[in-house]
Structure formats: structure tokens, C-alpha cells
Amino acid sequence: MVEEDRFPRVVATAEGRPPRMSEAPAAYIASAVLLGAAFVALLWVPSYAHLTPDLGGIPFFYWYSLLWLVINACCQGIAYLLLVAAPRRRRQVRP
Amino acid sequence: MTFDPVAFIVFAVLFVLVSIIGFAAVRWRRTQKLNNLDQWALGGRSFGGFVTWFLLGGDLYTAYTFIAVPGAMYALGAISGWFAVAYTILVWPIVFILMPRLWSVSHKHGFVTPADFVTARFGSRGLGLAIAATGILALMPYIALQLVGIQSVLQVMGLGSGSGLLQDLPLIIAFVVLAAFTYSSGLRAPALIAFVKDFLVYAVVIVAVVYIPIKLGGYDKIFAAVESHAKTVAAAAAAKHVPSTFALLPSAKSYWAYATLALGSAMALFMYPHSVTGVLASKHRETIRRNTIFLPLYSLMLAFIALLGFMAIAAGIHTTNSRLAAPLLFQAMFPSWFAGVAYAAVAIGALVPAAIMSIAAANLFTRNIYRDLFRRSATPAEEARVSRIASLVVKFGALAFVLGINTQNAINLQLLGGIWILQTFPSVAIGLYTRWMHRWGLILGWLAGMIYGTVTAYGVSTPTVAHFAGSTALIPGVGQTGYIALTALVLNLAVASVVTVALRVVAARTVGVDLTQPDDYVVDLPGTTVEPTFELAGTESRRQTI
């Protein structure tokens with residue numbers, strides 16, 4: 001047994017929480033795809049372990065990795081909008 | 001290596017400056033005395049998006065980035081070096097998914113360490129202890145890597161080339177300064193220094209990736225030089241009938257190694273207690289998630305820094321000690337004063353994470369070993385006191401690693417820590433979603449993973465290094481080489497699952513008590529009031545309304 005928390009320090013409510021998966025399935029599925037894309041792209045190494053086409057002398061392997069860095073950041077931005085920012089705005093409209 | 005007075009003076013001035021900032025940080029954003037862990041170790045859990053970005057960047061941007069990754073690129077090429085780029089991209093989606101849940105449940109219950117969470121989630125102090133011990137163990141080589149980073153720039157500056165105590169004196173001074181300001185200011189010190197550090201790092205990196213290629217004739221020339229270098233190494237290896245040690249691209253034999261190193265490292269990074277410390281110090285749940293959109297900027301910088309290793313090849317830098325590749329490149333390419341700035345960026349870049357890491361390891365000791373095992377009645381003030389002392393002890397443990405393990409292949413120090421810390425993934429990360437796993441199953445799985453990982457890593461040898469020479473090994477049953485951490489994790493999960501199923505059949509009542517509620521994982525604090533933990537006589541203690 002573990003004793004109860006001795007310092008319950010935060011008076012918190014679940015009101016500000018993002019929607020659950022059951023409440024916004026489309027947003028969750030879209031986010032899963034967006035967040036999973038980089039894993040598929042970068043871990044599937046044979047798909048990009050090539051020298052060509054090069055970009056100003058930089059082999060494909062190297063600049064393609066960096067391209068995914070940018071794509072992934074954008075994907076995360078969209079997922080954030082879907083899961084956090086948009087629901088929050090909706091809540092503010094109808095409190 | 002010859003002593004360069006100009007570079008040294010610039011280095012020393014910057015180093016003294018950040019030390020002063022480190023000590024002054026004790027007064028930064030403070031509303032209470034630093035005599036509890038929330039204040040000392042988590043900066044009052046008060047950091048907004050801006051500070052968090054710098055703080056988490058400080059966790060990622062370590063001597064690993066500046067010394068180990070270019071060193072690996074220089075000596076070994078794409079597989080051992082460039083995988084770090086894939087790894088630092090993939091880490092952000094993982095953070096995006098996992099960390100808000102950990103933040104919420106930790107805020108609700110006042111958890112300071114991942115082991116606090118596991119203890120409460122699975123109702124097992126033994127499992128919490130295992131998680132805490134793993135965290136401390138895994139942080140040792142990681143902190144050691146930071147010391148190696150400082151050592152490398154000192155060496156290139158021509159310091160520490162004497163003998164005996166004189167040789168280690170500069171490192172010891174840096175070390176004592178680090179220990180002292182961590183002791184006095186807690187997390188506020190690295191958080192504040194992180195600003196200076198990032199300014200220096202960005203300045204150095206931007207200059208380096210523009211100025212050095214211009215001097216070397218452009219990126220096409222650099223990659224052409226690396227390509228011919230790869231051919232030379234391959235020809236020499238073929239003459240000796242051994243596999244080539246340098247790769248410009250992953251080959252069919254190393255696809256698995258590249259992918260498992262990237263994935264395993266990405267999964268491991270936010271299992272490290274110091275990363276969790278950075279997350280828990282933020283004020284809002286979604287701070288961290290919004291941050292992951294901008295944190296890849298650090299990954300981009302890491303990629304540029306990795307290319308310094310290739311630039312060193314193109315610039316004709318010759319060293320058998322790959323961790324010196326980047327500092328030697330700075331020395332060869334930059335005027336003395338800017339080389340001094342670059343050395344300072346590396347050294348300060350090592351201090352920030354080393355401080356956060358030692359705080360995190362100290363918290364694990366205090367909360368999950370000292371308090372849970374020996375002093376249930378420890379007061380918050382006592383916890384803070386013990387943590388401060390533990391943060392000193394931890395640093396000496398790291399020093400032992402520096403002396404005890406071959407540090408030439410510095411990236412291996414971080415990968416070794418990853419093997420251990422990844423074994424906490426089932427309890428911490430999967431535990432955020434389900435407590436289906438039985439606590440004893442988790443302990444046995446953890447044990448299996450730890451033993452397998454350690455024994456396998458111990459068995460990796462090269463002609464020059466007998467043990468712990470690398471972090472990849474043959475994956476049994478797959479016939480490919482992969483990161484030991486992931487193989488061990490698979491074993492860990494298999495054992496944990498089998499034991500869980502067995503125990504749920506024969507001893508269902510032994511499942512531990514869960515102190516957390518499903519809603520605890522999603523709470524945020526909009527417009528709610530954070531109660532100051534303790535009202536202290538004589539201090540201005542105001543309610544923070546968010």
C-alpha cells in the first residue's frame with residue numbers, strides 16, 4: 001500500500017481538458033496520422049538511403065532527413081490546432 | 001596542443017559570467033524560500049512557454065550535440081552520427097503524445113519524478129525504487145558525457161596537458177562551480193543560464209554553418225571530400241579484409257541499426273528524469289505540447305552541428321580522438337577570439353544539462369529512495385536539503401564514469417544510458433495509459449531488460465576497447481544488427497506481459513492500488529488557483545492566480 005498523497009496542492013478541474021478520443025474521433029485519427037508520418041518516413045531507411053537526387057551537392061539522404069524535420073513540425077502544428085486550440089476556441093464561444 | 005591566450009580569455013570571461021548568473025538565479029522569479037522540492041527542483045512549477053522552450057532545449061542541446069555527434073560523424077559517418085537527426089525529429093511526436101498526460105497527473109498529485117508516478121500508479125514502492133535506481137544509473141554516463149565535452153574544449157585550448165592533478169585541475173574547477181550553483185539555486189540556475197547558452201550556441205552554429213563552408217568551398221566540396229574519404233577508408237578496410245568503419249550512407253546491412261538507434265533514442269529521451277524535470281516545471285499542461293511545434297528548431301541546429309564532423313574531414317583535421325573533431329575544427333577555422341566563444345558555448349552547453357541532470361538524479365534519490373524507504377515522515381524542507389546534497393554526490397558518480405570508461409567514442413556514453421533508461425518505458429509511458437501490467441510483471445520485465453542490455457553492451461568490443469565499445473549488437477532471431485536498448489525493451493515487454501497474464505490468473509488480488517483517477521491525466525488549470533504548498537513565516541508568499 002502507498003499512503004495518500006501528502007501534498008495535494010492543486011485545485012484542479014477537468015473543465016479545461018482537451019476533448020476525449022470518444023468526443024472527437026476524427027481529430028484524433030487525423031492527429032495520429034500526422035504524428036505517425038515522420039516515423040514511417042524516417043524509419044523506412046531504404047526509401048531514402050541514396051546519394052541522388054542531390055541538392056546543391058548535399059546527398060539525398062541528408063537533405064531528405066531535414067525536409068522531414070520541417071514536415072513533422074508542421075504536422076505537429078496542425079495536430080495541436082485540431083486537438084487543443086480549436087476545441088478551446090469552441091469552448092470560449094459557448095461557455 | 002598549444003595554449004591560445006586570446007581564446008582562453010574570451011572563454012574564461014564567458015564562463016565567469018554564467019557562473020555569476022548561476023548564483024544570482026537564486027533570486028529569479030522567487031516567491032518562496034527554496035526549502036521544498038517544488039521550489040528548488042522545479043523552479044516553483046512556474047515556467048511559461050518561453051522559458052520552457054529554452055529549458056527543454058537545454059536538455060537536448062548538450063555536449064552530446066556539440067562533441068559526440070560531430071565526433072561520430074567524423075569517425076564513423078552516417079549510421080552512428082546522422083541517426084541523431086532522425087532521433088531528434090522523432091522525439092517530438094512522442095513528447096506531444098505522452099508528456100501532457102504526465103504533466104497533468106504529476107501536477108494533480110505533486111509528483112516530482114517519474115518514479116513518484118510509477119509508485120502511485122502501480123501501488124508498488126519496489127517498482128518505484130527500480131525506476132528511480134535506473135534513472136540515477138542512466139544519468140551517470142549522460143552527465144559524464146557533459147564532463148567529457150568540457151574536457152574536450154579545455155584540451156584543445158591547451159589546458160590540462162600537464163600531469164597528475166594539474167591535468168585535471170581545469171575540469172575540477174568547472175565541476176566545482178557547477179556543483180556550487182546547482183546546490184544554491186536549484187533549477188533556476190540552469191533555466192536562467194539556458195538563455196545565455198542558447199544565444200552563444202546559435203551564434204556559433206550560424207557562423208559555423210555559413211563561414212566554414214565558405215572557407216571550404218561550399219557544401220558540394222565538403223560532401224565530395226567526405227565521399228572520397230569514405231572510399232579511402234573502404235579501400236583500406238578491404239585490403240585488410242575487415243568491414244569499413246566509415247559510411248556516407250546506411251547500407252543494406254545497417255538499415256536496422258540506423259532505424260533502431262533513431263527510434264530507441266527517441267523513445268528513451270523523455271524517459272530520462274531530467275527531461276521530465278523540464279516538463280514538470282512548466283506552468284500549463286499544453287505549454288509543452290505547443291512547444292513541440294517550435295522545439296524542432298533545436299533538431300535543425302543539431303543537424304547543422306552534426307555536419308561539422310564532415311566539415312572536419314573536408315578541412316583535413318586529423319585526430320584519432322574523434323571527440324576533439326569539432327573543437328579542432330573551430331581552432332583551425334575561426335580567429336582566436338571567436339574560437340574562444342565557440343569553446344565557451346560548448347562548455348556552458350554542457351553545464352546546463354549537467355545541472356538539470358544532477359537535480360533530477362538527486363530528486364530520484366530523495367523522493368524514491370530516501371523518503372520512501374527510510375524516512376516516510378521526511379518534511380519538504382528535509383527533502384530539499386537531502387536533494388541538494390545528493391546533487392553533489394551524483395556528480396562524483398559521473399566523474400567515476402569519465403575515469404572508468406573509454407570516452408573516445410563519446411556518443412556511446414549517451415547510448416549506454418539509453419539502454420538502461422528505456423527499460424522504464426513500460427512502467428512510465430505505457431503506465432500513463434493503462435495499468436493492465438502487473439507490478440511484479442513490470443519488475444521482472446525490467447530486470448530481464450536490464451540484465452540483457454547490460455550483459456550485451458558489456459560484450460561489445462572493438463580491437464582497441466574491450467567492453468562497452470558500442471551500443472549495437474545482433475538482434476537474436478532477426479539476424480540484423482540493432483540498438484541493444486530496443487532489443488532489451490522487447491524482451492522486457494514480453495516478460496512483463498507473460499508474468500502479468502500468469503499472475504492475473506493465479507493471484508489476481510496482488511494487483512497494486514492505483515492512487516490516480518482517469519481524469520487526473522487530462523486536467524489543466526484554467527483560471528484555477530495553485531495553492532502555495534507552504535506558507536512560510538517571514539516570506540512573502542502570494543497566491544499565484546493563473
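1. Contact of H3(B) with H13(B). In this predicted model, Gly49(B), Thr52(B), Trp53(B) and Leu56(B) of H3(B) meet Thr287(B), Ile288(B), Arg290(B), Asn291(B) and Phe294(B) of H13(B). By class, the residues of this contact are four nonpolar, four polar and one charged. Helix H3 covers residues 49-60 of chain B and helix H13 covers residues 285-294 of chain B; their axes come within 10 Å and cross at roughly 60°. That angle makes H3(B) oblique to H13(B), because roughly perpendicular begins at 65 degrees. The crossing of the two helices is right-handed.

2. Contact of H10(B) with H14(B). Two packed helices are described by the angle between their axes and the distance between the axes. For H10(B) and helix H14 (residues 296-314) of chain B, the angle is about 75° and the axes are 8 Å apart. H10(B) and H14(B) are therefore roughly perpendicular to each other. On the H10(B) side the contact is made by Lys221(B), Ile222(B), Ala225(B), Val226(B) and His229(B), and on the H14(B) side by Phe310(B), Met311(B), Ile313(B) and Ala314(B). Seven of the residues in the contact of H10(B) with H14(B) are nonpolar, one is polar and one is charged.

3. Helix H4 of chain B. This helix runs over residues 63-75, and its 13 residues should span 18 Å at 1.5 Å a residue. The end C-alpha atoms are 17 Å apart, which agrees. H4(B) is mostly covered, with 13 of its 13 residues buried. Just after H4(B), Gly77(B) has a positive phi of about 90°.

4. Helix H21 of chain B. The helix spans residues 484-506, 23 residues in total, and reaches 33 Å from its first C-alpha to its last, close to the 33 Å expected at 1.5 Å a residue. Its buried residues include Ile484(B), Ala485(B), Leu486(B), Thr487(B), Ala488(B) and Leu489(B). Further along H21(B), the buried residues include Asn492(B), Leu493(B), Val495(B), Ala496(B), Val499(B) and Thr500(B). An α-helix has 3.6 residues a turn, so residues three or four places apart point the same way.

5. Backbone points to check. Most residues other than glycine have a negative phi, and most peptide bonds are trans. His241(B) is not a glycine, yet its phi is positive, at about 60°. The residue is in the loop between helix H10 (219-239) and helix H11 (255-269) of chain B. His241(B) counts as exposed because it has 6 other C-beta atoms within 10 Å, and 12 or fewer is the limit for that class. In chain A, a cis peptide bond joins Thr52(A) and Pro53(A), with omega about -5°. Pro53(A) is in the loop between helix H1 (25-43) and helix H2 (60-93) of chain A.

6. Chain A overall. Chain A has two helices and zero strands. Of its 95 residues, 23% count as buried. Among contacts in chain A between residues at least 6 apart in sequence, 62% join residues at least 24 apart.

7. Arg90(A). Is Arg90(A) buried or exposed? Arg90(A) has 10 other C-beta atoms within 10 Å and is therefore exposed. The residue is in helix H2 of chain A. Arg90(A) and Val40(A) are 50 residues apart along the chain, and their C-alpha atoms are separated by 33 Å.

Key. Residues numbered from 1 in each chain as written. Chains lettered and ligands numbered in written order. Predicted model: local features only at pLDDT ≥ 70, side-chain atom pairs only at ≥ 80, totals over all residues. Axes fitted to C-alpha atoms, helices over the stretch in contact; angles between N-to-C directions. Helix = DSSP H or I, 4+ residues; strand = E, 2+ residues; numbered from the N terminus. Parallel < 35°, antiparallel > 145°, perpendicular 65-115°, else oblique. Left-handed = near helix turned anticlockwise from the far one by under 90°. Contact = placed C-beta atoms within 7 Å. Nonpolar A, V, L, I, M, F, W, Y, C, P; charged D, E, K, R; others polar. Buried ≥ 20, exposed ≤ 12 C-beta atoms within 10 Å, placed from the backbone. Expected span 1.5 Å × (residues − 1).
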